[in-house]
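Hi,

Here is the structure I said I would pass on. My notes on it follow below; please have a look when you get a moment.

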Amino acid sequence: MPAPADHIADLADFITASPSSYHAAAEVARRLDLAGFTRLDEAAGWESTGRCYVVRDGAVVAWVRPATAGPITPFRIIGAHTDSPGFKLKPRPTLTAHGWLQAGVEVYGGPLLNSWLDRELELAGRLVDRDGREHLVRTGPFLRIPQLAIHLDRSVNDKGVTLDQQRHTAPVFGVGDHGDILERLAAGAGLVAEDVAGYDVLTADTQEPRRFGLDDSLFAAGRMDNLVSVHAGVVALVDAPDDAAHVSVLAAFDHEELGSESRSGASGPLLDGVLTRVSGGTAEEVRRAYAGSWCVSADTGHGIHPNYPERHDPANHPVLGAGPLLKINAKQRYATDAHGAALWARACERAGVPWQEFVSNNAVPCGSTIGPLTATRLGIRTVDVGVPLLSMHSARELAHVNDPAALTAAVRAFLAGA
């Protein structure tokens, strides 16, 4: 297993470099370039043997194809997603109200809304200029969603914070009537606002990732759902063997928090299209390759919350620091079956790391992941796993420092053929 302290420091750097899915894809690409991978153009012909990758918007698919691989060689895939809940910038984003400058934003995914209050936020994403060129931008600390003072709502601690998603989530970024968000974003790309023809820009918390607690054993950061899994996949793929009996793949999709239905999401054609081209076989040969393939869908899961134990299954209590989760659901919200459980046990045993099972309380239905989508679309046997968290979908989530390193070790063993 990688040293947890070094691994968590590298994960912190990865998260800091990835305030949006587009930045995450760019950071994955940067790391793959340093490791000798070749970036391919989807519109060009491919010589796909070796170490290659493609980027589509905020998604990346990368692979290691042995020279001996043929059209029916199976795939071993690590699936993850690059996006996280938050707020997305609307058209005509600069608003004025009662002497304040505010940003018009739309809720993206399912953020824990109150966790975004009273934090210094940045805007990050991509601009597209009138010539169709794409520019990554990030502002640094720029916005804040201010909470109402207790003096103006004396009962707030009794009734809780109730936020109207339209009226109460518009961040402030200045006072007066002079200031424009697009001008600020454009300047970061060396443009003027009139040059910007389109944009996909979201908010991100700017507080740096941090270790804390007894023996610095706890780790807090934004966007761990699901950058912790993307990071594990990149590290494992770089170390994947060149002489395996399978093609090793990392599929880091976008838009999972919205349901994955996009050209760069797990419900779209991206993975099937890439794998078909990497195989180079006929339709029948590709299906034969899929029949022998495996996907480990890595996404975060819930560790037991000490203040709300009744929300968890009474018999299965996954604990932070006790290893990655094997995620199980009778309704197939997770794709794990008995064969997948056995595969994950072998991978963890080979890696020398503990693992633990997660299943939901029957009265508290779980979310889902890309795992069932990949299994349904491609027919590839899939197992759902992930690092346990507290405060999932908060602006700042909580993990144990040992678990990301353990996940990385297990998926590395999976790519090694465990």
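Let me start with Arg 311: beyond its neighbours within four places in sequence, Arg 311 is in contact (heavy atoms within 4.5 Å) with Asn 361 and Val 364. The C-alpha atoms of Arg 311 and Ala 363 lie 8.1 Å apart, although 52 residues separate them along the chain. Arg 311 belongs to the loop between strand E15 (301–302) and strand E16 (325–327); helices (H or I, at least four residues) and strands (E, at least two) are DSSP runs, numbered from the N terminus.

A word on the basis: this is a predicted model, where local features need pLDDT of at least 70 and side-chain atom pairs count only at pLDDT 80 or more, while totals for chains, interfaces and linings use all residues. Residues are numbered from 1 along each chain as its sequence is written, and side-chain values use heavy atoms, leaving out hydrogens and water.

Next, helix H8. Its 14 residues, 338–351, reach 20 Å from first C-alpha to last, close to the 20 Å expected at 1.5 Å a residue (1.5 Å times one less than the number of residues). Just after H8, Gly 352 has a positive phi of about 75 degrees.

Best wishes
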